[in-house]
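Okay, thanks everyone, let me get the structure up on the screen.

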Amino acid sequence: MTSPSTTLSLVDTDPAELAVDAIVIGVHSQTGDQAATSGFAGSLLLASGAESIAAAFDGKLTETLALLGATGGPGEVIKLATLGTITAPIVAAVGLGPEPTGAAPAPETLRRAAGAAVRALAGAPRVALTLPLPDDADAPAALRAVAEGALLGGYRFAGYKTKPQPTRREPVAEVLVAVPDAADATAGAEITRAQAVAGAVRLCRDWVNTAPNELRPPSFADAVAAAARDAGLGVEVLDEEALRAGGYGGIIAVGQGSEAPPRLVKLTYTPEAGGNGKRVALVGKGITFDTGGVSIKPAQGMWEMKSDMGGAAAVGAAMLAIAALKPSVAVTGYLPMAENMPSGTAYRPGDVITMYSGKKVEVLNTDAEGRMVLADGIARACEDGTDYLFETSTLTGGQVIALGKRIAGVMGTPELCERVKVVGESVGEPAWPMPLPDDVRKGMDSDVADISQVNAVMDRAGHMLQGGVFLREFVAEGVDWAHIDIAGPSYHSGEATGYWTKGGTGVPVRTLVQLVEDVAANG
Ligand code: BES
Ligand code: MN
Ligand code: ZN
């Protein structure tokens, strides 16, 4: 089930003469002082890019938008019928917030604005964006942000409705982005990159949004493997027999309660001429549905646990973008997949599991299943050899309690955590470093095995950190690693906002891709 697609191209002709269904312009909200001197238009200020449109309206554009209630606040979209003043029948003014002094709007402001505008214009097949782009060294980043925002705001999951929806407007099919020179090679490269990256994010969202009866480990593995083969990646899929024979105790334990058996998908990207000699491993949690198992979850909201494979979806999608972008570094993706079900064959609290690394783990709560499958994925990645290991997972409700629905928690080697934070910030996927305290590790000492899966006594204390501390046990000496807990940011249950639509967000695909490019460029 794939969502309808959106195409993107550059245009450098006069926006007032573009034959499109709608033109998007940016508007800033003004500070009190600016508003006091600008008369009727009140608090509104046109952003650059909209000059020829404003001229066609005889200087009345801001005034009219203000009359219609525009304030320039972030996310606001006000539509205006142009009644022949310009070629396009609609102008849509998207709010950018206050104009930053002496600078163009931040890339994330543009990304959200482009997303909000394209979302609000559903029903218009062809849309042009004339948003304020800097004309200096920041231009590529701004253009990238606009392009990504447009493609992601234009996303809609195909869904399963059997009847046509007459009141539902189709997502924008074609977006033109106005730039000073449409033939500019740097600008063209940014569009190509944005298409690859946003395509990956959209596919990640599709996988997350797919109903859990339609995406169980075997079919998820097949879907990832098929897409990866098409992209030219190396693909290896371990089925339940190979996993059992190989000693992947954590993946087998979690998967054994389901009649849909577990999988481990390995994807390999090999750079030309060996790249820069560095190796990156990406590991993602692929629980296609998390009931909690025998330690069953409450019914309310359990349906959202269809998104518990968001980490694996992000890793799979990022690998596809990497195959397209061809960075000069070797990258391997590991996607352990299982369905966590309660049944007569399910693993149980009290079980002691021999993991792929050989360590023995005492299970105390079958709902802490993510760390079980990830431990095996991480151990395998380290055995294959890697310099940097990024692992991402919808691991703990504690992440949501600590950092909310937008900011991921990061644990691991301090320098790499810092790198995730910086890169996450730069792409609009914030992530915050968290500690791995000794006392949290101590609380996970097991009476009978090498380590407990969770703290038996103070089960909620340092909840998110327990996940990080547990996973650390399976990372080989000398490997720089970061665990990115995306329980909150991977799934958006509220109304659409900016370029986030309801459901899967595609976080942290863009962070993973940017991290790989960063390692390719800087080692
Ligand atoms: N998949 C959940 C974590 C989760 C919670 C993701 C909410 C997204 C939203 C994970 O497998 C889980 O159940 N974690 C438990 C851990 C506990 C049993 C130690 C949790 O968060 O309560
Ligand atoms: Mn769970
Ligand atoms: Zn889970």
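So, along the chain, the donors of the manganese ion (ligand 2) follow the spacing D-x76-D-x1-E. Keep in mind that this is a predicted model. Which residues are the protein donors here? They are Asp290 (OD), Asp367 (O and OD) and Glu369 (OE), and they lie 2.0 to 2.2 Å from the manganese ion (ligand 2).

If you're thinking about the geometry: the angles subtended by the 6 donor atoms around the manganese ion (ligand 2) run from 69 to 166°, which makes the arrangement irregular. For reference, ideal angles for six octahedral donors would be 90 or 180 degrees.

There's a neighbour, too. The zinc ion (ligand 3) is 3.1 Å from the manganese ion (ligand 2), and Asp290 coordinates both. Asp290 sits in strand E11 (residues 286-290), while Glu369 is in the loop between strand E14 (360-362) and helix H11 (370-384), so this pair ties together parts that are 79 residues apart in sequence. Are those two buried or exposed? Asp290 and Glu369 are both buried.

Now, pockets. The largest pocket comes out at about 750 Å³. Its lining counts 31 residues, and nearest its centre are Lys297, Asp367, Thr396, Gly397 and His463. By class, the lining splits into 11 nonpolar, 9 polar and 11 charged residues.

The second largest pocket holds about 620 Å³. It has 22 lining residues, with Tyr155, Arg156, Phe157, Thr501 and Lys502 closest to its centre. Domain 1 (7-160 + 168-198) and domain 2 (215-522) each contribute at least three residues to this lining. In terms of elements, helix H4 (107-120) and strand E20 (491-492) each supply at least two. The class count here is 7 nonpolar, 7 polar and 8 charged.

How many of 30 Å³ or more turn up in the whole structure? The search finds 2. The largest cavity has a volume of about 50 Å³, and its lining includes Leu152, Val201, Arg406, Trp500 and Val507. That lining has 5 nonpolar, 3 polar and 4 charged residues.

The second largest cavity is about 30 Å³. Among its lining residues are Arg406, Trp500 and Val507 again, plus Ala408 and Pro489. By class we get 5 nonpolar, 1 polar and 2 charged. That's it from me.

Notes. Residues are numbered from 1 along each chain as its sequence is written. Chains are lettered from A and ligands numbered from 1 in the order in which they are written. This is a predicted model: local features need pLDDT of at least 70, side-chain atom pairs count only at pLDDT 80 or more; totals for chains, interfaces and linings use all residues. Side-chain values use heavy atoms; hydrogens and water are left out. On a 1 Å grid over the protein atoms alone, a cavity is a set of points where a 1.4 Å probe fits but cannot get out, and a pocket is an open set with protein on both sides within 12 Å along at least five of seven lines; lining residues have an atom within 4 Å of a point. Grid points are joined across faces, edges and corners, and a volume is the space filled by probe spheres set on the points. Ala, Val, Leu, Ile, Met, Phe, Trp, Tyr, Cys and Pro count as nonpolar, Asp, Glu, Lys and Arg as charged, and the others, Gly among them, as polar. Helices (H or I, at least four residues) and strands (E, at least two) are DSSP runs, numbered from the N terminus. Domain bounds come from an automatic or database domain assignment. Donors are N, O and S atoms within 2.8 Å of the metal (3.2 Å for Na, K and Ca); water is not among the atoms, so sites may look incomplete. Four donors count as tetrahedral if all angles lie between 85 and 135 degrees; four count as square planar and six as octahedral if opposite donors are over 155 degrees apart and all others between 65 and 115; anything else is irregular. Buried means under 20% relative accessible area, exposed over 50%, partly exposed in between (1.4 Å probe, protein chains only).
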